[in-house]
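Please open the structure in a viewer and keep the selection tool at hand.

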Amino acid sequence: MKVAIVKYNAGNIQSLTFALNRLGVEPTLTDDAEELAASDKVIFPGQGEASSAMRSLQEKGLDGVIKSLKQPFLGVCLGMQLMCAHTEENDTEGLGIIPEQVKRFNNDHVKVPHMGWNDISEIKSPLFEGVSNGDYLYFVHSYYVPVGAYTIATCEYPDPFSAAIQKDNFYAIQPHPEKSADAGMQVLANFLKL
């Protein structure tokens with residue numbers, strides 16, 4: 001199985017690569033359009049800041065490439081947010097794959113960023129097969145996708161938000177599966193089986 005990780009100016013790829021290695025996969029880190037299109041699965045990770053990450057995608061011509069992909073595609077953390085139409089982070093236009101608006105946590109009663117282990121619920125996708133409502137995953141983020149028509153799992157901080165979203169072949173999760181112990185490894189394994 002050919003698994004590609006989108007190479008652009010965002011994120012720590014090493015822990016994701018190690019997690020995939022533990023599942024028997026040697027991923028390719030690439031920004032080559034043909035290589036991405038020829039892969040069986042594509043993972044779009046991200047840590048960092050939205051506007052510079054989008055600029056990097058646009059400079060490499062990856063914004064159009066990503067939207068044209070037909071195979072199972074998984075956005076992670078910032079990758080999930082960039083898949084949406086717009087994020088409040090530096091008023092950035094996203095890829096528009098999923099027509100959602102990314103918001104900043106704005107609640108005086110919680111620390112921002114939302115960082116650490118939190119449980120997920122309202123799971124409804126093969127992406128979470130073997131993962132239960134109430135299982136904990138690891139989050140680090142200041143922005144979130146509200147619960148909406150594309151939500152396939154939720155989390156609360158303190159209000160509900162989308163822990164995962166999906167449209168067609170495009171899946172995305174806010175927590176870091178590679179840092180989320182057994183439940184996170186199960187999500188990655190499920191993605192590889194899609």
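A nonpolar core is a set of buried Ala, Val, Leu, Ile, Met, Phe, Trp, Tyr and Cys residues joined through side-chain atoms within 4.5 Å. The model shown here is a predicted one.

Begin with the largest nonpolar core, which has 35 residues. Select Leu20, Ile43, Leu74, Leu127, Phe128 and Ile173, the members that touch the most other members. Two or more residues of this core come from each of β1, α1, β4 (73–76), β9 (136–141), β11 (151–156), β12 (160–167), β13 (170–173) and α6. The largest share, six residues, is given by α6.

Next, centre the view on Ile43. Leaving aside residues up to four places away in sequence, Ile43 touches Val3, Ala4, Ile5, Val6, Leu16, Leu20, Leu74, Val76 and Phe191.

Now select helix α1, residues 14–22. Which residues of α1 are buried? They are Leu16, Thr17, Ala19 and Leu20. These residues lie on the same side of α1, because they cover an arc of only 160° around the axis. On the face turned away from that buried side, look for the exposed residues Gln14 and Arg22.

Finish at glycine 24, which follows α1 and has a positive phi, near 85°.

Terms used
Residues are numbered from 1 along each chain as its sequence is written. This is a predicted model: local features need pLDDT of at least 70, side-chain atom pairs count only at pLDDT 80 or more; totals for chains, interfaces and linings use all residues. Side-chain values use heavy atoms; hydrogens and water are left out. Buried means under 20% relative accessible area, exposed over 50%, partly exposed in between (1.4 Å probe, protein chains only). Helices (H or I, at least four residues) and strands (E, at least two) are DSSP runs, numbered from the N terminus. The arc is that of the directions from the helix axis to the C-beta atoms. Contact means heavy atoms within 4.5 Å.
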